[in-house]
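The sequence and the model are shown first, and a description follows.

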Amino acid sequence: MQNYSEILTDKVAQTQYPIHDLLRQRWSPLAFSDRMVEPEKLHSVLEAASWAASSYNEQPWSFIVATSENKAEFERLLGCLAEGNQEWARNAPILMLSVAKLNFEYNGVENRHAFHDVGAASTTLAIQAAALGLFIHQMAGFDVPKAKEIYSIPSGYEPVAAIALGYFGSPQTLSERLQQRENTPRTRKPLEEFVFSGSWNQTSPLVAS
């Protein structure tokens with residue numbers, strides 16, 4: 001079994017073109033340490049989220065946060081997750097739900113960019129976490145109606161994703177199946193597959209090899 005440092009080194013992205021080291025080092029582990037995240041670091045990652053760009057500076061994001069220090073609150077949020085995510089996310093010291101406000105504050109019109117902007121806030125949160133030696137793993141697998149009911153999320157707001165936050169832990173705490181997932185090499189589509197010019201699905205000459 002690889003040790004922590006070997007796994008972290010293996011997960012550094014091998015990119016087509018140079019990118020910032022924080023982006024190369026950011027990934028979404030399944031193995032989390034139960035070490036508590038220092039309050040100042042939690043404040044820092046949430047502050048980073050607040051400075052994401054958003055349409056009309058609407059800032060349509062909210063984050064519901066539960067820490068393992070408050071067992072009852074932690075179990076409430078954990079209980080919203082899909083069973084497969086509960087298996088590993090219960091080891092993280094912090095769980096969150098991101099929530100989008102669906103209409104613009106200034107005119108009440110539907111904000112079709114709300115999910116995009118919440119994703120942008122979560123990305124800045126993830127990069128700040130990486131800068132502090134932390135990791136996040138975002139999850140689509142959670143019970144949206146249950147989350148709305150438990151947290152009394154009103155009409156006009158929609159849960160977007162669940163998030164585990166913490167320090168990297170030992171993969172040996174995971175089941176064999178999850179260890180295999182943890183050790184799977186990271187891959188990304190080449191630019192030629194998603195950067196277009198002129199027409200849909202026509203590879204841009206700017207990135208053509």
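In this predicted model, Met 96 stands opposite Ile 163 in strand 4.

**Strand 2**

How many of the residues of strand 2 are buried? Eight of its eight residues are, and the strand is accordingly described as mostly covered. Ile 94, Met 96, Ser 98 and Ala 100 point one way from the strand, while Leu 95, Leu 97, Val 99 and Lys 101 point the other way.

**The nonpolar cores**

The largest nonpolar core comprises 28 residues, and those with the most contacts inside it are Leu 81, Trp 88, Leu 95 and Leu 97. Two or more residues are contributed by each of strand 1 (61-67), helix 4 (71-78), helix 5 (83-89), strand 2 (94-101), strand 3 (135-139) and strand 4 (157-166). Another core, of 21 residues, lies apart from this one; Ala 126, Leu 134, Ile 136 and Ile 163 are among its members.

Not counting residues up to four places away in sequence, Leu 81 touches Gln 86, Ala 89, Leu 95, Met 139, Gly 141, Phe 142 and Ala 162.

**Helix 4 and Phe 74**

Which residues of helix 4 are buried? They are Phe 74, Leu 77 and Leu 78. Seen down the axis of helix 4, these buried residues fall within an arc of 100°, so they line one face of the helix. An α-helix has 3.6 residues a turn, so residues three or four places apart point the same way. The buried residues of helix 4 pack against strand 1, helix 5 and strand 2.

Phe 74 lies in helix 4 and has a relative accessible area of 5%. This residue counts as buried because its value is under 20%. Leaving aside neighbours within four places in sequence, Phe 74 is in contact with Ala 66, Thr 67, Ser 68, Ala 89, Arg 90, Ala 92, Pro 93, Ile 94 and Leu 95. Phe 74 and Ile 94 are 20 residues apart along the chain, and their C-alpha atoms are separated by 7.8 Å.

**The chain as a whole**

The protein chain contains eight helices and four strands. From the N terminus on, these elements follow the order α-α-α-β-α-α-β-α-β-α-β-α. The radius of gyration is 19 Å, close to the 17 Å that the globule rule gives for 209 residues, so the chain is as compact as a globular protein of that length. Along the principal axes, the C-alpha atoms fill a box of roughly 55 × 55 × 30 Å.

Of the 209 residues, 40% count as buried. Among contacts with a separation of 6 or more, 72% are between residues 24 or more positions apart.

An unreviewed UniProt entry lists residues 23-167 under "domain: Nitroreductase". Over residues 23-167 the chain is 38% helix and 21% strand, and the end C-alpha atoms are 17 Å apart.

Notes. Residues are numbered from 1 along each chain as its sequence is written. This is a predicted model: local features need pLDDT of at least 70, side-chain atom pairs count only at pLDDT 80 or more; totals for chains, interfaces and linings use all residues. Side-chain values use heavy atoms; hydrogens and water are left out. A nonpolar core is a set of buried Ala, Val, Leu, Ile, Met, Phe, Trp, Tyr and Cys residues joined through side-chain atoms within 4.5 Å. Buried means under 20% relative accessible area, exposed over 50%, partly exposed in between (1.4 Å probe, protein chains only). Contact means heavy atoms within 4.5 Å. The arc is that of the directions from the helix axis to the C-beta atoms. Two strands pair if DSSP finds at least two bridges between them. UniProt positions are given in the numbering used here, feature names are shortened, and annotations may be inferred rather than shown by experiment. The radius of gyration is taken over C-alpha atoms; the globule rule is 2.2 Å times the number of residues to the power 0.38.
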